[in-house]
Structures are given as structure tokens and as C-alpha cells.
Amino acid sequence: MIFNPIGFLLLMSAVAASGEEGASPAKAAVVRDFDSPAFENARDAFLDPKAGADVRIRTMHDLVRRNSGEASDLLAGALEDKNLEIARRAAEWLAVLGDRRGLDVQGRCIETMKCRFPFDAARFVGIWRDIRYAPALSKRVEALLEKHLRPDGKWWGSAEEEAFLRYGSIALARMGRLEDRDLVIRTVKANPLTIGVEALGYVDDPRSREMLWSAYNEWTRLSGPPSCESGSLTFPALLALSRLGEPLAIDRMKNILRGVGTPPDHTPEGKLPALCVDREAAFRLRRRDAVNFAEVVFEVASQKPEGAGTMEAWEALGVMRPRGFGERMLKLATSKPQWRFVDRQTLFQAVIAVDPSLAERFWGAFNLKVVPAERGLKSFVENGVGYLMFRRALTGRAIEPNP
């Protein structure tokens, strides 16, 4: 979850002043815009010629968080910055937002391979399924595959090359060109365990199913009984099979989401419950998974009492954005004045990610004297990147789009 410290403190002060939380809706709540002033401050710092590179890079996050629409033009202005790291980060953020100016930088990276993280470039263009980049990407994947393909048919290369093949094959699979289908299958087949099998979940082909079930059965044999800390090797194959509509894989995924047949989750006394490895990974769903798993994830979000998976289920609903779930999620989110393991801001973000028109009704269900306008979060939804509101979309270096 992307945290708004100023808005949170003011909101908590308003809650304390309001008396009884969860009482009848306030008749005249004051709506405060905390995002616009913060955006202006970030903009001034970003455009300050005297500011250091580290400061300008840090402000990029706040620009996007406070107003992803207006942030795009500001970031585009830094693409030719003399500081190469500033230019690179600006291009990365633009690519995350789906802005063509940032995606074109990633496309040039793939064409020349003269950039810091070519595998990130492949990942970004794949997220947005822009086939303009497919020919160059296909050429690079083919060349790299042949470069390290051994006589026994197995591929071994550096970690960076492996990452490029993984994200490159996923990108080509997501773009969906028929002429790339064989290349994607050959790439994964060369070393499913290291290159990964996620790409096959986008290729509806009998060979994909055969390879995935074969990998699943082999990895089940190698993994042995999963533990809470280590999980099993089989999960990626199971998720890919579920995306191909395999009924058995879908049922097994639902059991993992429910915690049926999995190791007991961590539930330390007085602390937040923590999911085991496989269950935690299972909730990292994408929008395409809503058709198979929205109902079971909603079931976990509704569990009484709250426990391991409650928070993860709410975030997964926000990322998947299942159609027609807005009213159900609003009713559940406001069904009690206080949740134990899910903060109100996460509940709000999940609801508006599915249906932004429910924002005022959400806050109206609580007796608050001050209601945040949430312009920044709404801009994410309006610009089609609502998933960026959730912490599982973040990585240490920058952000990982996960629509």
C-alpha cells in the first residue's frame, strides 16, 4: 500500500474528534484535499535546478502518488536530463504508467541492449502488450536462446540473461502474436525451472498444457511435503495451468487460497498473522485471474474471525478489480466500525479500485468530521493503474506493474 503520512495523521485526528466511530453518517463532513499541496511541493523540488539527483529521484514517487496524470508530463521533461540516472528513472516511471514516451525508451533499450536493465525493459513493454516492440523483442529472445543452448537442449546463461529470457518470453506471450508462439514454447522448454513457466499461462496451446502438467508432476516429486517457510516448486505451474482454464489446477489453487491442505499459517499471539509461502504467493493475482478466483478471494476477505489472508485478500480484490463486486465490497468493508488486520485505507483503496463512484459512500459510512479527497488515489484509477495503490505492486528499486 502506498502510504500517505500527512493524510493519515489528519484523518486519525478527525476520527478521534468525531467521538463514536461507525455511528450514523456525518451530515456535513469537511472534505480536505491533502494531495494537491503535496503534489505542488514535490513538483517544486523536482524542478529545482539546485536539488541533488537523489532528491529529484525520490520526488518521482510522490509526483506519481499524488497525481499520476499530471506527473507524466513532468517526468517526460526529465528524459533528456544530463544525469543519466534521473533520465532512466523517469523513463521507468513513465513506462509503469503506460506512457508511450517511457515505453519508447524501453523499446530502444531492447533494440540496442545498451541500457542498464534490458530485462526490465522487456517486462515493461510486456505489461502494456504493445506489439510495436514485438519484432525487436522476438529477435533478441531468439538470439539469446541460441547463444547458450547446449547440445542436450538445456539452456544455461547468466542471471541477467536468464531474467531477459523470462520477461521476454512473458512479454511475447502477452502480446499474443501467433508467429511468436513457437519461440515462447521453445524458450520455456529450454529450462522451465530457471526461465520460469509463467509465459505458458498466456499461450493456449496443447503443448503448453503438456509441459506445465509435466513440470508440475516432476516438481511435486522433487519438492516433497511443503513447509510453511519454503513452500513448493509446483506453484508457478499450477497458476499458469489455472490461467489456461484447467479445472483441476483451478480447484487446487482455490484450496491454497483457502488454506486447505497447506501448512498452518503463522499466527503469533498479539501480532499480525502471516501467510505461509505458497498461500502468500497465491494471493499475488492479476486482473485476468478474477474470473477464476474472485469469489474465493472474497470469501477469504469475509472470513470470521479475521486471520491470515484477510489483508492479502482485500489487496488481491483491489488488484483483480472483479466486475460487479463494488457494492459487495463496500457493504463488507463498512460492516463493522473497525477491522483487526486491515486498515481502513486499504479497504477504501480496494473498493474504489473496483468502483471509484463508491468513494463518498465509503467515507459517509463513518462518522468523520474530515474526509480526505484522495485525489491521488483516484488519479491512479482514472489512469488505469489502480493496482499501484497496493504494496504488492512495489519493489525495492522502483515499482513493478502488475495489471
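Is L222 buried, partly exposed or exposed? L222 is partly exposed, because its relative accessible area is 45%. The views below come from a predicted model.

**View 1**

**View 2. The disulfide between C109 and C115.** C109 is bonded to C115 through a disulfide. The S to S distance is 1.7 Å. That falls within 2.5 Å, so the pair counts as a disulfide. The two partners can be compared by their cover. C109 is buried, with 7% relative accessible area. C115 is partly exposed, at 29% relative accessibility.

**View 3. The disulfide between C228 and C276.** Here the sulfur atoms of C228 and C276 lie 1.9 Å apart. The torsion about their S-S bond is about -95°, so this disulfide is left-handed. C228 lies in the loop between α12 (206-223) and α13 (235-243). C276 lies in the loop between α14 (247-258) and α15 (277-282). The pair therefore ties together parts that are 48 residues apart in sequence. Both C228 and C276 are buried.

**View 4. The cysteine pairing as a whole.** How many disulfides does the count come to? The count is two disulfides. One joins C109 to C115, and C228 and C276 form another. With the bonded cysteines numbered in sequence order, the pairing reads 1-2, 3-4.

Conventions. Residues numbered from 1 in each chain as written. Predicted model: local features only at pLDDT ≥ 70, side-chain atom pairs only at ≥ 80, totals over all residues. Heavy atoms only, no water. Buried < 20%, exposed > 50% of the residue type's maximum accessible area, 1.4 Å probe, protein only. Helix = DSSP H or I, 4+ residues; strand = E, 2+ residues; numbered from the N terminus.
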